[in-house]
Amino acid sequence: MKVSDLFDVSGKVAIVTGGSRGIGEMIATGLVTNGVRTYITSRKAEVCDATAAKLGELGECISIPADLSTEDGLEDFVRTFSDREDRLDILVNNAGAAWGAPLGEFPAKGFDKVMNINVKAPFMLTQALLDKLKVGATQDDPARVIMTGSIDGIRVPFGDNFSYSASKAGIHMLARHLAHFVVSENITVNSIAPGPFESQMMAYMLDTEEKRAMVNAMVPRGRIGTPEDAAGVVLFLVSRAGAFITGAVIPLDGGISTHG
Ligand SMILES: NC(=O)c1ccc[n+]([C@@H]2O[C@H](COP(=O)([O-])OP(=O)(O)OC[C@H]3O[C@@H](n4cnc5c(N)ncnc54)[C@H](OP(=O)(O)O)[C@@H]3O)[C@@H](O)[C@H]2O)c1
């Protein structure tokens with residue numbers, strides 16, 4: 001029952017999609033630092049390679065750039081990963097995109113893009129990697145799939161990001177549906193639902209002191225999320241401590257969801 005045993009994740013193999021920056025980089029940093037061989041992916045190869053090189057100073061981090069919103073990109077990614085690894089212990093489906101436009105002007109492509117990367121890609125990637133996830137999965141130490149959802153998929157957002165909130169509610173439900181189907185294979189599937197974190201996606205809300213203060217004030221805990229907050233909940237979910245949890249949506253939002 002020692003913390004060092006309950007939370008030991010060393011020797012595992014992980015994929016973090018969208019691991020090149022933002023929340024994905026925070027999660028990858030937590031995994032790499034704690035002895036998990038971690039593959040990160042994103043479209044911009046130079047950024048992905050640079051982040052893997054940076055995290056490589058903390059442990060093992062490998063860059064496989066890919067566009068997961070296309071069938072070819074997803075297949076290439078799975079092939080390249082499978083050539084290198086026999087098994088996968090942790091899959092963090094984190095890559096995502098947002099789109100905002102006024103009601104009445106919201107374009108169809110703003111739905112397709114967001115649904116593709118936020119819902120379809122996590123499903124198709126999980127499906128393509130199921131065999132790899134089963135290899136090392138046991139009742140004591142199941143394989144773990146984690147979706148990065150959003151508080152916007154739980155509570156109606158203030159903004160006009162209609163496809164985003166729908167996609168995040170969708171991925172939360174999809175994770176629960178998948179969890180039910182793979183539980184007997186010793187695979188758990190959970191979602192984390194972040195509130196505001198520092199990232200390119202959130203930059204437009206945090207680029208002045210006034211806006212940052214407003215965002216902080218919107219969070220009951222009085223601040224945005226940090227790398228420790230993102231890495232901490234994932235390390236819990238993928239460790240022995242989190243092995244009995246599946247089908248859950250965990251708000252990671254400093255209390256925003258307590259507003260209902
Ligand atoms: N930041 C927040 O406050 C917040 C709150 C709630 C939920 N989230 C969720 O957290 C996740 C990470 O977002 P973030 O805030 O860290 O945003 P971000 O800084 O924009 O990072 C998004 C990541 O996804 C990658 N990506 C985007 N499209 C991709 C594609 N088609 N194929 C492969 N990789 C792709 C990006 O790299 P490339 O552009 O190079 O592809 C990048 O690595 C998302 O699912 C987001 O919805 C964020």
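Visitor: Gln127: buried, exposed or partly exposed?

Guide: Gln127 has a relative accessible area of 43%, so this residue counts as partly exposed. Keep in mind that the model is predicted.

Visitor: In which element does Gln127 lie, and how far is its C-alpha atom from that of Leu178?

Guide: Gln127 is part of helix α5. Along the chain, Gln127 and Leu178 are 51 residues apart, while their C-alpha atoms are separated by 9.5 Å.

Visitor: Let us turn to another helix. Does the span of α4 agree with its number of residues, or disagree?

Guide: Helix α4 covers residues 71-84, which makes 14 residues. At 1.5 Å a residue the span should be 20 Å, and the end C-alpha atoms are 20 Å apart, so the two agree.

Visitor: Which residues of α4 are buried, and which are exposed?

Guide: The buried ones are Gly73, Leu74, Phe77, Val78 and Phe81. They lie on the same side of α4, because the arc they cover around the axis is only 130 degrees. Glu71, Asp72 and Asp83 are exposed on the other side of α4.

Visitor: What covers the buried residues of α4?

Guide: The cover includes strands β1 (13-17) and β2 (37-41), together with helix α5 (108-128).

Visitor: How is a pair of packed helices described?

Guide: The description uses the angle between the two axes and the distance between them. For α4 and α5 the angle is about 35 degrees, and the axes are 11 Å apart. The crossing of these helices is right-handed. From α4, the contact takes in Leu74, Phe77 and Val78; from α5, it takes in Ala121, Met124, Leu125 and Ala128. Sorted by kind, the residues of this contact are seven nonpolar, no polar and no charged.

Visitor: Helix α3 can be read in the same manner. Which of its residues are buried?

Guide: In α3, residues 45-55, the buried residues are Cys48, Thr51, Ala52 and Leu55. Their arc around the axis is only 100 degrees, so they sit on the same side of α3. These buried residues of α3 pack against α2 (22-33), β2 and β3 (61-63).

Visitor: Now the loops. Where is Arg43, and is it buried or exposed?

Guide: Arg43 belongs to the loop between β2 and α3. Its relative accessible area is 52%, so Arg43 is exposed, the cut-off being over 50%. Apart from neighbours within four places in sequence, Arg43 has contacts with Pro65, Ala66 and Asp67.

Visitor: Which residues does Ile154 contact, leaving aside its neighbours within four places in sequence?

Guide: Ile154 is in contact with His172, Ala193 and Val249. The C-alpha atoms of Ile154 and Ala193 are 8.0 Å apart, although the two are 39 residues apart in sequence. Ile154 lies in the loop between β5 (143-148) and α7 (162-182). With a relative accessible area of 43%, Ile154 is partly exposed.

Visitor: Where is Asn186, and what is its relative accessibility?

Guide: Asn186 is in the loop between α7 and β6 (187-194). Its relative accessibility is 24%, so Asn186 counts as partly exposed.

Technical notes: Residues are numbered from 1 along each chain as its sequence is written. This is a predicted model: local features need pLDDT of at least 70, side-chain atom pairs count only at pLDDT 80 or more; totals for chains, interfaces and linings use all residues. Side-chain values use heavy atoms; hydrogens and water are left out. Helices (H or I, at least four residues) and strands (E, at least two) are DSSP runs, numbered from the N terminus. The expected span of a helix is 1.5 Å times one less than its number of residues. Buried means under 20% relative accessible area, exposed over 50%, partly exposed in between (1.4 Å probe, protein chains only). The arc is that of the directions from the helix axis to the C-beta atoms. Contact means heavy atoms within 4.5 Å. Axes are lines fitted to C-alpha atoms, for helices over the stretch in contact, and angles run from 0 to 180 degrees between N-to-C directions. A crossing is left-handed if the near helix is turned anticlockwise from the far one by less than a right angle, and right-handed if clockwise. Ala, Val, Leu, Ile, Met, Phe, Trp, Tyr, Cys and Pro count as nonpolar, Asp, Glu, Lys and Arg as charged, and the others, Gly among them, as polar.
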